[in-house]
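Subject: Structure handover

Dear colleague,

Here is the structure we talked about. Please open it alongside this message; my notes follow below.

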Amino acid sequence: MYIMSQQEEIINKIAQDKIAFDLGIQLLLEDPEYNFKSIFTTLTNYIFNAIPEKTNYNTETYQNAISTIPLKPTYTPIVLLKIFPTRVAFYKLAELPENENKKILTSLLWIFKVTDTERRNTECKNGCGHFWHELE
Ligand SMILES: [Zn+2]
């Protein structure tokens, strides 16, 4: 069986409201093993997995998540997410300079929280085999 890393556990607990959003980000950033590329890859996979529309990875919930990210909407990562199709936007995020890392992480965590919550309330509602949806 797959064992979640501590980082993955924190991400899922944030999505499931078991850790407050701001505290969760702080825990991820202050982790001595913090590695932006690793968290970015994990979150990208999680988000694409949580979005049910697998052609363009675009849904009303995804758009709603982008428009409610708790950061200034003029920040570069949010502007990119708004104007480019999902996959293109994620490629562009990966190429931004390091001083955007915290904003990217905040944006992606928020998008995952919103899209995963939607999934738990619909597709997963009557039970699912997702072990990460069974955290204590
Ligand atoms: Zn599930």
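In which segment is the place of His130? His130 sits in the segment after helix H7, which covers residues 101-121. Please keep in mind that this is a predicted model.

The zinc site

His130 gives its ND1 atom to the zinc ion, alongside ND1 of His133 and the SG atoms of Cys124 and Cys128, at 2.0 to 2.3 Å. Along the sequence these donor residues follow the spacing C-x3-C-x1-H-x2-H. The arrangement is tetrahedral because the 4 donor atoms subtend angles of 101 to 120 degrees around the zinc ion, and four donors count as tetrahedral if all angles lie between 85 and 135 degrees.

Are His130, Cys124 and Cys128 buried or exposed, or something in between? His130 has a relative accessible area of 15% and is buried. Cys124 is also buried, at 6%. Cys128 has 25% relative accessibility, so it counts as partly exposed, since buried means under 20%. Leaving aside residues up to four places away in sequence, His130 touches Arg119, Glu123 and Cys124.

Aromatic pairs

How many aromatic pairs does a search of the whole structure find? The search gives 6. One of them is Phe36 with Phe40: the ring centres are 5.7 Å apart and the planes are at 35 degrees, so this pair is tilted. Both residues belong to helix H3 (residues 36-50), and about one helical turn separates them because they are 4 residues apart. Phe36 is buried, with a relative accessible area of 12%, and Phe40 counts as buried at 10%.

Phe48 and Phe90 make an edge-to-face pair, with 5.2 Å from centre to centre and 75 degrees between the planes. This pair links distant parts of the chain: Phe48 is in helix H3 and Phe90 is in helix H6 (residues 86-94), 42 residues apart. Phe48 counts as buried at 16% relative accessibility, as does Phe90 at 4%. Together with Tyr57, Phe48 and Phe90 form one aromatic cluster.

Lysines over rings

Two further items concern Lys92 and Lys103. Lys92 lies over the face of Phe84, at 4.7 Å from the ring centre. In the case of Lys103, the charged end sits over the ring of Tyr75, 4.5 Å from its centre.

Regards

Note on methods
Residues are numbered from 1 along each chain as its sequence is written. This is a predicted model: local features need pLDDT of at least 70, side-chain atom pairs count only at pLDDT 80 or more; totals for chains, interfaces and linings use all residues. Side-chain values use heavy atoms; hydrogens and water are left out. Donors are N, O and S atoms within 2.8 Å of the metal (3.2 Å for Na, K and Ca); water is not among the atoms, so sites may look incomplete. Four donors count as tetrahedral if all angles lie between 85 and 135 degrees; four count as square planar and six as octahedral if opposite donors are over 155 degrees apart and all others between 65 and 115; anything else is irregular. Buried means under 20% relative accessible area, exposed over 50%, partly exposed in between (1.4 Å probe, protein chains only). Helices (H or I, at least four residues) and strands (E, at least two) are DSSP runs, numbered from the N terminus. Contact means heavy atoms within 4.5 Å. Rings of Phe, Tyr and Trp (its six-membered ring) pair if their centres lie within 6.5 Å; planes under 30 degrees apart count as stacked, over 60 as edge-to-face and the rest as tilted. A charge sits over a ring if NZ of Lys or CZ of Arg is within 6 Å of the ring centre and within 35 degrees of the ring normal.
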